[in-house]
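Here is a friendly walk through a two-chain model, in questions and answers. Have a look at the structure before reading on.

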2 protein chains.
Amino acid sequence: MLDKKHFSVKLLPSEKIIKVPQNYNLRQAILDGGIDIESACGGVGTCGRCKVQVKSGRIYSKRNKFIKGKEKEDGYVLSCLSKVRSDAVIFILEKKKVRAKIEEGKFEIDKNKIYSGINTDELAAVEIKPWIIKERINVEKPTLDYNTSDLYRLNKSLKTTLNLNDVLVPLNVIKKLPHLLRENNWEIAITLDKSANTMINIQPHNKEKKCFGFALDIGTTTLVLQLVDLETGEIIGYASEYNPQIRFGEDIINRIVYSTKSGGLNRLREAVIGSINDMILRLLTNSNIDEEDVVSMVIAGNSTMMHLFYGVPPKFIREMPYVTVTNKFLNTCVDELGLKYIKNVKVYNIEGVASYLGGDITSGVLAVNMSKREELTLFIDLGTNGELVVGNCEWMMGCSCSAGPAFEGGGVRCGIRAIDGAIEKVFIDQSTYKCFFKVIGGGEPIGICGSGLIDLIGEMFLKGVIDRKGKFNTDIENPYLKCTDNDYRYIITNAENSGTGEDIFISEVDIDNLIRAKAAVYSGIKTLLEDVELKIIDIDKVYVAGGLGKNINIQNAIIIGMLPDINTNKYVFLGNTSVKGAYLCLLSEDKYKYTSEIAKNITYIELSASIKFMDRYIAGLFLPYTDLKEFPSVDLFYSP
Amino acid sequence: MLDKKHFSVKLLPSEKIIKVPQNYNLRQAILDGGIDIESACGGVGTCGRCKVQVKSGRIYSKRNKFIKGKEKEDGYVLSCLSKVRSDAVIFILEKKKVRAKIEEGKFEIDKNKIYSGINTDELAAVEIKPWIIKERINVEKPTLDYNTSDLYRLNKSLKTTLNLNDVLVPLNVIKKLPHLLRENNWEIAITLDKSANTMINIQPHNKEKKCFGFALDIGTTTLVLQLVDLETGEIIGYASEYNPQIRFGEDIINRIVYSTKSGGLNRLREAVIGSINDMILRLLTNSNIDEEDVVSMVIAGNSTMMHLFYGVPPKFIREMPYVTVTNKFLNTCVDELGLKYIKNVKVYNIEGVASYLGGDITSGVLAVNMSKREELTLFIDLGTNGELVVGNCEWMMGCSCSAGPAFEGGGVRCGIRAIDGAIEKVFIDQSTYKCFFKVIGGGEPIGICGSGLIDLIGEMFLKGVIDRKGKFNTDIENPYLKCTDNDYRYIITNAENSGTGEDIFISEVDIDNLIRAKAAVYSGIKTLLEDVELKIIDIDKVYVAGGLGKNINIQNAIIIGMLPDINTNKYVFLGNTSVKGAYLCLLSEDKYKYTSEIAKNITYIELSASIKFMDRYIAGLFLPYTDLKEFPSVDLFYSP
């Protein structure tokens, strides 16, 4: 076999050098070099995000619509469409490295009652009833006349003092038992999983009776981890990170595609496990908590994220008839999953409903407590997908409406997540068409997040910058409308005043993506309700969860036809309800068990197969809707 | 820190070279070089077995009683008492590498009944009722109207076709499920642990319905492994090996001592796991069985061996009041134990009774079926220790009588195990005192095994070579009695006619060790019986198990006072009953569960604390016994 030629590729500004064979894919080379290069499309040349500049060397690159004119002359290429044909030096545009800031839910602690903290009165109150307990226990000392085994005598104490029979004691505990008993004068602290009747750990008796747990939400875009005191319910620490799988594809579909490549599933799994390990270490270090005192972990996430976390092929989630391998994974030990820094801890996952209605939604339904109340509640989780559940204590129905990542910043050129530097509120001056805005954290904007985009579309529509189809109105004198090679752009702020040194703008393609996303959400709501012969007006309460940013302007969300046109008092905006539900489960075995009941009680509607949904979706491709009567409050003040 | 000097030690004949620091222990250096050097004492200079020859280099060696005169001049040293002080070349006396040949029990297969094969009528008959089953199963194909998860539909099939509810399906199965179902047109073969309601494996549907299991006995000296067809009970393959832990100490006490050294426990564990892995691989390769078709493993062994196998500190087995950490380990997956070549297999261990009455004895009691019969049975397992159980279906009592390894070849200079080259039968000519013998496998002898030693002591005693105290009779003209520097030796065969090139002999020290061993066994039997106010004569049946060699001469065992002087028809000699019991458990869940009952029903008597035992032991230090009336048949023909 002839040796393939190999070339050195130097990556700037990191100066990292990697060796690759001839014709190696440049984007893969950059990923191999450990640099997270953005790519919403998973590397097939359709998102235009993996642009890099070739400083020297021969790089063969396919023609594409994203790199033209000056950029092309300057050596820019889409790395995913490029092959290495000589030693080369590549400059990778540095993105501002920002850590997602997700607002932590406030939790009120009242004696033994912990509220999920959303709106105390009506929402899930949880009595602290942890399933993992720590107890001090005395073990009888053996004598020649009573020389039964250490474990026998321990079991006897468990029976007499805690009334526990036949507790399972795994090997890792057995190994520590003889010395620990003798070094602690036959008095030790035991950690028990009451639910599984299993001993998790043993420690010296003088260890404080403290137990901690982790609540984890694995989102397509964001990972959120809480470190919780299981005795008081206090949240000791809070960490969040981007899901590092983003570099393999921004949305669920692209990740599933990537998982089917050779080694892809494992790379995805290792990526997310690695970030979770980082967060665990950070929280343990910051809180100064002994890893041995962490005794449990509850996780929630959408079905694809769960498959990837457990290393189970998610392939068939994407293929007709869209099935998961399982909606509930057996409780598994951290070691088996590759989680580090905590030992002997079991990971409990919250049961999902279906391929596109995962445990994150079950967890959210638990957190908003809708399954215990009589009023008709609509729960909307606007993550990278849009998921809906409607119902009450009698019945629940749910669906996923493939909103796409537009409201989380995907599919929109200047779209970013709700992080520092993101435009979160927008106002357009009617006379000048100038855009005014508010930036998260202040300073110059680097992009626009979900709540900002809702405002922007709403404002552009109301002020006549765009028409009902989302096309720019070229009849008006709008100095902020620029015409480029291929499209029109409305300039939110120009390069001089932006944090990126480039214009912050929105194009017709972007608007189109946003309209499709809002149409999907609304037609999902309509389809769900109509399936049970209910109307928009019947809704008593709407909970909106997700990562759009907390300052969402509900009126604008109605104006663009994303949310139903009902009294805005009925709306409650929440943050991440998935991690809130996991938190509740951590504190209460009953709640955890109840999540499986919730999951089984939600009837799943597969919208991708629904003709009604498609009809409504098409009707929703107008602002706010084809039939203005559907949005009476918009109809009132809209004058085309 | 100053660097310690390092030296090269070349090991002959293997020519292996190892680097060691100054003053490094020579025996450890040889062990590090991967050479199993014998050492009954565990390396403290009291057994004299780790003798090597220094060919060149400076080796500092402590004075000792084993190396004297010519040997000393020739550069022989005890490696355990030697330190490396320069580069050196060391010659290690090569022992014949022999693999232990242990006779396989014959198992009669009769339709669905499997007998433990010892003596069919009266012994444990087992109906094949394996707990691990393999079944073909059809899973419904999902449709858009019925797109539940793969696992949900599998569970539904389990319910409808096998009436199984809530089967636990672990991650490794979940990972394979989606592709296997689709590649096999929704029909797969499942392997189920019915006892734990857990799915162990899934395979393509066209896999034969074959299931295999391993029965393993971990003896202090020997490891025995059987590969069993779980459907027919047929033993497909059989392997045995010395327990490689021998190099760290020949008996239990020395191994426990070694386990308390830094890293010792792990080295012991890894040694035995390594050998078991070798045997597994050999059996799988020879039988051409797919590792995926191996579904279970049952192990038996004494308490110390079990602790070492599981990596649990055995330290307190040796210390007053002699307790185990546990007599029963939680069923553990092979992966966690470090076992290779078989995956997803759980290891089930047979419950032990106490520190010195382990699962090997419980397993033996199951195999001889004494707990189900009314006749008074004495079960003796003469392994490296001697263990006894007496009783019937109403009651059982057991003890361990610290016989020591004399009858397995330990503590006797020319003693070896019952392997090829071992003298197994002995006859002494009354007129010439010449010794005649029979060698296992024929050819020149390399040593003498347990059955040979029993014959030898009996013959020497009867023919007047030794007196009742085991001292050589120097008044007779015995040309085979040699006087050396420190002791008298009776020459069994001289150097010219031996397979080792050295005399095969027995010394007074050896005889002393053997007499102490036989005294321990007999006084154990006496103590046990008297504790329940029974006499030797009340015994209906005696089962003798163990590794002494199958041709044990029962009359001689009575003559030396090891076994009770009762009708020899009451004796049944068996081989390894520990592995036989494990085999029965493999085929029947009921039997396995019953072993725990057996273990709990045996009342353990701690002899090391018994004054009665000590009295009888001292009385047993004569041939056959202080009081000749105890052995009427010997009394009859013995004329001092």
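Axes are lines fitted to C-alpha atoms, for helices over the stretch in contact, and angles run from 0 to 180 degrees between N-to-C directions. Helices (H or I, at least four residues) and strands (E, at least two) are DSSP runs, numbered from the N terminus. This is a predicted model, in which local features need pLDDT of at least 70, side-chain atom pairs count only at pLDDT 80 or more, and totals for chains, interfaces and linings use all residues. Residues are numbered from 1 along each chain as its sequence is written, and chains are lettered from A and ligands numbered from 1 in the order in which they are written.

Q: At roughly what angle do the axes of H5(A) and H6(A) cross?
A: Helix H5 (residues 252-259) and helix H6 (residues 264-287) of chain A have axes that come within 6 Å. Angles under 35 degrees count as roughly parallel, over 145 as roughly antiparallel, 65 to 115 as roughly perpendicular and the rest as oblique, and H5(A) is oblique to H6(A). The crossing angle is roughly 125 degrees.

Q: Which residues of H6(A) make the contact with H5(A)?
A: Two residues are in contact if their C-beta atoms, placed from the backbone, lie within 7 Å. H5(A) brings Arg255(A), Tyr258(A) and Ser259(A) to the contact. From H6(A) come Gly264(A), Leu265(A) and Leu268(A).

Q: Which helix gives the largest share of the side of chain B that touches chain A?
A: Here 38 residues of chain B are in contact with 38 residues of chain A. Helix H3 (150-162), helix H4 (171-183) and helix H8 (315-318) of chain B each supply at least two residues of that side. The largest share, 6 residues, belongs to H4(B).

Q: How many residues of H7(B) are buried?
A: A residue is buried if 20 or more other C-beta atoms lie within 10 Å of its own, exposed if 12 or fewer, and partly exposed in between, with C-beta atoms placed from the backbone. Helix H7 (residues 303-310) of chain B is mostly covered, and its buried residues include Met305(B), His307(B) and Phe309(B). The count is 8 of its 8 residues.

Q: Which residue stands opposite Arg136(B)?
A: Two strands pair if DSSP finds at least two bridges between them. Strands S11-S12-S13 of chain B form an open sheet with antiparallel pairing, and S11(B) pairs with strand S12 (residues 187-193) over 7 bridges. In S12(B), the residue opposite Arg136(B) is Ala189(B).
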